[in-house]
Amino acid sequence: MAISRLRSMISLSKCKSTAMSLPFQFSIFRRASTQVSSQFESIGFIGLGNMGSRMANNLVKAGYKVAVHDINENSMKKFSDMGVDTKKTPFEVAEDSDVVITMLPSSSHVDNVYTGPNGLIHGGNLLRPRLLIDSSTIDPQTSRKLSETVSNCILKGKKDNWETPKMLDAPVSGGVLAAEAGTLTFMVGGSEEAYLAAKPLFLSMGKSTVYCGGAGNGSAAKICNNLAMAISMLGVSEALALGQSLGIAASTLTKVFNCSSARCWSSDTYNPVPGVMEGVPSTRNYDGGFASKLMAKDLNLAASAAKAVGLKCPVTFQTQKIYTELCQDGHENKDFSCVFRHYYSGKNES
């Protein structure tokens with residue numbers, strides 16, 4: 001069966017990955033994505049927000065037949081105007097797709113799209129898609145529950161000898177800029193065979209993938225990644241604010257960071273101080289990018305996970321508190337790097 005034949009390809013893929021540089025790997029998969037993943041001819045995409053719309057657009061560019069759905073009519077119209085098929089419900093997307101990808105704001109949204117009225121799993125346990133991929137940032141427990149639900153379903157029409165439908169949790173890192181450029185990183189949990197089958201899809205939307213293990217592990221990895229990202233953003237913002245108060249220009253201190261041990265993504269790629277770096281949200285009044293309310297949501301997930309396993313995480317809870325306050329002060333729709341202006345600079349000015 002095809003899903004079994006992929007087992008032998010896994011070791012080959014791993015060997016090749018050590019022999020080739022990442023850009024070379026990426027170019028091969030991008031060129032060959034349609035051929036390698038011909039078993040997935042039609043792709044459904046649900047959730048056309050800042051991230052999802054760009055991811056879906058990259059699938060269209062890669063040559064896949066794509067059908068989309070979103071509750072926002074304006075988002076749907078943009079794709080309709082491009083000649084992309086639009087569907088009224090998630091169930092309609094499922095009925096016309098080999099694979100369905102979801103990119104949604106929260107666990108409740110994902111659960112509703114999967115199991116709610118007119119959801120992907122609607123009116124029984126028969127499924128048309130062979131593979132369901134959720135790229136939302138949600139709690140691992142929800143990912144694992146839905147994966148089990150999907151695995152208990154029956155395929156309507158078996159193709160390529162897939163015995164049962166599979167689900168992958170595959171959240172992403174990189175933000176809107178990477179979604180636009182097709183340079184996202186996918187953190188994937190679920191069946192390794194399904195991961196390998198889906199890899200060309202991921203590499204039509206991103207530059208790299210990391211297999212994290214069983215169901216829910218991709219979601220767990222994303223929560224930890226965003227926790228570290230939020231903490232580093234606070235650290236860089238705090239240090240730059242202190243430096244300015246001590247008479248050092250933020251641009252000068254950033255140069256110090258970026259050639260010293262303080263260098264990190266928040267300093268060299270996504271600097272929070274206006275005017276220091278071009279093309280980042282801090283240069284456009286913190287519009288666009290990754291909304292503070294979404295970071296607060298992810299920090300809530302991290303804090304809940306820490307409590308559930310009984311792990312002491314004082315920095316996690318302090319970071320959660322800061323971003324909660326930032327949202328309560330009316331900055332929930334600004335990029336999360338606005339913490340520099342509205343928490344640190346604002347505090348220092350008051």
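**Helix 14 and its surroundings**

Modeller: Helix 14 covers residues 314-331, 18 residues in total, and runs 24 Å from its first C-alpha to its last, close to the 26 Å expected at 1.5 Å a residue. That expected span is 1.5 Å times one less than the number of residues. Helices (H or I, at least four residues) and strands (E, at least two) are DSSP runs, numbered from the N terminus.

Biologist: What should I know about the model before we go on?

Modeller: It's a predicted model: local features need pLDDT of at least 70 and side-chain atom pairs count only at pLDDT 80 or more, while totals for chains, interfaces and linings use all residues. Residues are numbered from 1 along each chain as its sequence is written, and side-chain values use heavy atoms, with hydrogens and water left out.

Biologist: Which residues of helix 14 are buried?

Modeller: Thr316, Thr319, Gln320, Ile322, Tyr323, Leu326, Cys327 and His331. Buried is under 20% relative accessible area, exposed over 50%, and partly exposed in between (1.4 Å probe, protein chains only).

Biologist: Let's talk rings. How many aromatic pairs are there?

Modeller: The count comes to 8. Rings of Phe, Tyr and Trp (its six-membered ring) pair if their centres lie within 6.5 Å; planes under 30 degrees apart are stacked, over 60 edge-to-face, the rest tilted. Phe290 and Phe336 make an edge-to-face pair, 6.0 Å centre to centre with 80° between the planes.

Biologist: Where do Phe290 and Phe336 sit in the chain?

Modeller: Phe290 is in the loop between helix 12 (265-268) and helix 13 (292-309), Phe336 in the loop between helix 14 and helix 15 (339-349), and they are 46 residues apart. Phe336 is buried, at 1% relative accessible area.

Biologist: Why is the pair of Tyr323 and Phe336 called tilted?

Modeller: The ring centres of Tyr323 and Phe336 are 6.4 Å apart with the planes at 40°, so the pair is tilted. Tyr323 is buried too, with a relative accessible area of 0%. Ring pairs join Trp265, Tyr270, Phe290, Tyr323 and Phe336 into a cluster.

Biologist: Switching to cores: which residues touch the most other members in the largest nonpolar one?

Modeller: Phe45, Met55, Ile133 and Phe202, out of 37 residues. Such a core is a set of buried Ala, Val, Leu, Ile, Met, Phe, Trp, Tyr and Cys residues joined through side-chain atoms within 4.5 Å. Helix 9 (residues 192-205) gives the largest share of this core, 7 residues. Apart from it lies another core of 31 residues, among them Met233, Val236, Ala250 and Tyr343.

Biologist: Last one: what is Ala306 in contact with?

Modeller: Leaving aside neighbours within four places in sequence, Ala306 contacts Leu311, Cys313 and Phe317, where contact is heavy atoms within 4.5 Å. Ala306 lies in helix 13 and counts as buried at 5% relative accessibility.
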